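Me: Please take a close look at a single part of this structure and walk me through its surroundings in one connected account. I would like the cut-offs spelled out as you go.

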Amino acid sequence: MPRLDSPRYTVLFAAAVSIACAALVAAAAVSLRERQEANAERYKQKNVLFAAALARPEEDVSDEEVRRRFGERITVRAIDLASGELLPEDKLDLRTYDARKARNDPKLSRTAAPNEARVARMPLFQTVYLVKGTHIGLEQVVLPVEGMGMWGMVYGFLALDRDGNTVRGLTFYEQKETPGLGGEISNPRWQALWVGRKAYDPTWEPRLTVIKGRAGPPEQDPHKVDGLSGATITSNGVGHLVRFWLSKDGYAPYLARLRGGTKP
């Protein structure tokens, strides 16, 4: 046995402690993975509810309440982004399918066309959230959106009325923007400015954007939203990503089918 004050003992002891700690961390990560994935899914569902105005950010909504509201009003489906067609319900297992992960699989994704949102790859299939009305069938649709902000990709949900044009809500659930500046894209007061705006002009070209300064109310400035003070790059990034996902390279084929009366 080496002496306790020898360099060899110190190295062996440090190695043993490192191995033991690594084993504990690995075991904890494996044991908590399922819970972490469940929490991430619940957080995403909560933000879908926020976008659809089925929950308010200031509410203390429990996980059980999120499950209840989501289950009662929302149906999760997948679409073929290129054609806009709804996939048969048995085409994908939406309990495990993750469009963000699919972008890294060459069999499930493609290179995106050049775009200002700086989206590099597109999944072949994207998840959409169909919101049932209390007295009508489809009331609105919630669409995942993403694009480059100032410091990294931002991820959120855009809710549109069943007309495929009127904005019902917008929320961002993951972003790295500067707190108090670009980070204000997560402020419910700024997000509320989007409600009632129009995604498209009369020729169905995507026009919704963020401007420098103040926009008028939706009825006067249907395609413009106030920019964030001191956060021009982030504001422009949000405008770019919204228009990209409303374009023919994003959800335009699906929304055209929706407006045309195709069963959602």
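Reply: Strand 7 is mostly covered, with six of its eight residues buried, where buried means under 20% relative accessible area, exposed over 50%, and partly exposed in between (1.4 Å probe, protein chains only). Strands and helices here are DSSP runs numbered from the N terminus, E of at least two residues for strands and H or I of at least four for helices. This is a predicted model, in which local features need pLDDT of at least 70 and side-chain atom pairs count only at pLDDT 80 or more, while totals for chains, interfaces and linings use all residues. Residues are numbered from 1 along each chain as its sequence is written, and side-chain values use heavy atoms, with hydrogens and water left out.

Strand 7 covers residues 167-174 and runs antiparallel to strand 6, to which six bridges join it; two strands are taken to pair if DSSP finds at least two bridges between them. Along this pairing, F157 stands opposite T171 of strand 7, and Y155 has E174 as its bridge partner. The two strands form a hairpin with five residues between them, and G164 in that turn has a positive phi of about 70°.

Strand 6 itself, residues 153-161, is mostly covered, since nine of its nine residues are buried. M153, Y155, F157, A159 and D161 point one way from the strand, whereas V154, G156, L158 and L160 point the other way, and all are buried. Strand 6 is also joined to strand 5 (residues 138-148), by nine bridges in the antiparallel sense. Four residues carry the hairpin from strand 5 to strand 6, and V141 stands opposite L160 in this pairing.

These pairs belong to an open sheet of five strands in the order 1-4-5-6-7, with antiparallel pairing. Strand 1 (74-80) and strand 7 stand at the edges with a single partner strand each, so one side of each is left without a neighbour in the sheet. Neighbouring strands are turned by 25° against each other on average, direction ignored; axes are lines fitted to C-alpha atoms, for helices over the stretch in contact, and angles run from 0 to 180 degrees between N-to-C directions.

Helix 5 (residues 232-246) touches strand 4, strand 5, strand 6 and strand 7, and its direction makes about 125° with that of strand 5. Helix 6 (residues 252-259) touches strand 1, strand 4, strand 5 and strand 6, at about 170° to the direction of strand 5.

As for the side chains, a nonpolar core is a set of buried Ala, Val, Leu, Ile, Met, Phe, Trp, Tyr and Cys residues joined through side-chain atoms within 4.5 Å. The largest nonpolar core has 39 residues, of which V141, L160, W190, W194, L246, Y254 and L255 touch the most other members. Strand 7 supplies at least two residues of this core, as do strand 4, strand 5, strand 6, helix 5 and helix 6, and the largest share, six residues, comes from helix 5. A second, separate core of 19 residues includes V131, Y155, F157 and A159.

Y173 forms one aromatic cluster with F70, Y129, Y155 and F157; rings of Phe, Tyr and Trp (its six-membered ring) pair if their centres lie within 6.5 Å, with planes under 30 degrees apart counted as stacked, over 60 as edge-to-face and the rest as tilted. The charged end of R100 sits over the ring of Y155, 3.6 Å from its centre, the criterion being NZ of Lys or CZ of Arg within 6 Å of the ring centre and within 35 degrees of the ring normal. The structure holds eight aromatic pairs, including W190 and W194, which are edge-to-face at 5.6 Å centre to centre with 80° between the planes and are both buried.

Note on methods: Contact = heavy atoms within 4.5 Å.
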